[in-house]
Amino acid sequence: VCLVAGALLALVAAIGVLRFPDVLDRMHAATKPQTLGVVLLLAGVALRLRTLSDLGMVVLVAVFQLATAPVAAQMIGRAAYRAGRVDPTLLDVDELADR
């Protein structure tokens with residue numbers, strides 16, 4: 001169940017990256033369901049592999065995924081903003097604007 005749910009979330013994330021119109025929507029699709037999908041896949045692998053060394057590696061990969069995905073999304077968003085690829089009308093609050 002975990003493997004199938006994780007694979008479906010990864011598929012939804014890939015479709016979202018291809019179909020969404022702008023950078024911010026694509027960034028959201030690339031991080032939110034993809035991260036949960038990877039964690040579900042790793043949970044399925046952890047249920048199948050029950051040795052301590054395998055579980056340690058699975059936990060390490062999950063922690064690394066959970067730590068790097070938000071940082072990568074933040075950097076992609078800032079780079080897109082600085083490159084002028086973000087439509088300012090889509091922003092409720094523009095915290096990066098010059099004051």
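Leaving aside its neighbours within four places in sequence, which residues is Thr31 in contact with? I looked this up before anything else, taking contact to mean heavy atoms within 4.5 Å, and I noted Ala69 and Ala73.

Before going on, I wrote down what I was working with. The model is predicted, so that local features need pLDDT of at least 70 and side-chain atom pairs count only at pLDDT 80 or more, while totals for chains, interfaces and linings use all residues. Residues are numbered from 1 along each chain as its sequence is written, and side-chain values use heavy atoms, with hydrogens and water left out.

I placed Thr31 in helix H2, where helices are DSSP runs (H or I, at least four residues) numbered from the N terminus. Thr31 is buried, at a relative accessible area of 15%; the terms here are buried for under 20% relative accessible area, exposed for over 50%, and partly exposed in between, with a 1.4 Å probe and protein chains only. I then turned to Ala69, which is found in helix H3 and is buried as well, with a relative accessible area of 10%. Setting aside neighbours within four places in sequence, Ala69 is in contact with Thr31 and Thr35. I also looked up Ala69 and Gln34, which are 35 residues apart in sequence and 9.0 Å apart in space, C-alpha to C-alpha.

**Entry on H2 and H3.** Two packed helices are described by the angle between their axes and the distance between the axes. For H2 and H3 I noted an angle of about 180° and axes 10 Å apart, the axes being lines fitted to C-alpha atoms over the stretch in contact, with angles from 0 to 180 degrees between N-to-C directions. H2 and H3 are therefore roughly antiparallel to each other, a term that applies to angles over 145 degrees. The residues that make the contact include Thr31, Thr35 and Val38 of H2 and Val58, Ala69 and Ala73 of H3.

**Entry on the core.** Which residues form the largest nonpolar core? I found Val38, Leu42, Ala46, Val58 and Ala62, a nonpolar core being a set of buried Ala, Val, Leu, Ile, Met, Phe, Trp, Tyr and Cys residues joined through side-chain atoms within 4.5 Å. H2 and helix H3 (52–82) are the elements that give two or more residues to this core, and H2 supplies the largest share, 3 residues. Leaving aside neighbours within four places in sequence, Val58 is in contact with Leu42, Val45 and Ala46.

**Entry on H1 and H2.** I next looked at helix H1 (residues 2–19) and helix H2 (residues 23–48), whose axes come within 7 Å and cross at roughly 165°. That makes H1 roughly antiparallel to H2. The residues of their contact divide into 18 nonpolar, 5 polar and 1 charged.

**Entry on two alanines.** Ala14 lies in helix H1 and counts as partly exposed at 38% relative accessibility. Ala30 lies in helix H2 and is partly exposed too, with a relative accessible area of 37%. The C-alpha atoms of Ala30 and Val12, 18 residues apart along the chain, are separated by 9.4 Å.

Methods:
Angles under 35 degrees count as roughly parallel, over 145 as roughly antiparallel, 65 to 115 as roughly perpendicular and the rest as oblique. Ala, Val, Leu, Ile, Met, Phe, Trp, Tyr, Cys and Pro count as nonpolar, Asp, Glu, Lys and Arg as charged, and the others, Gly among them, as polar.
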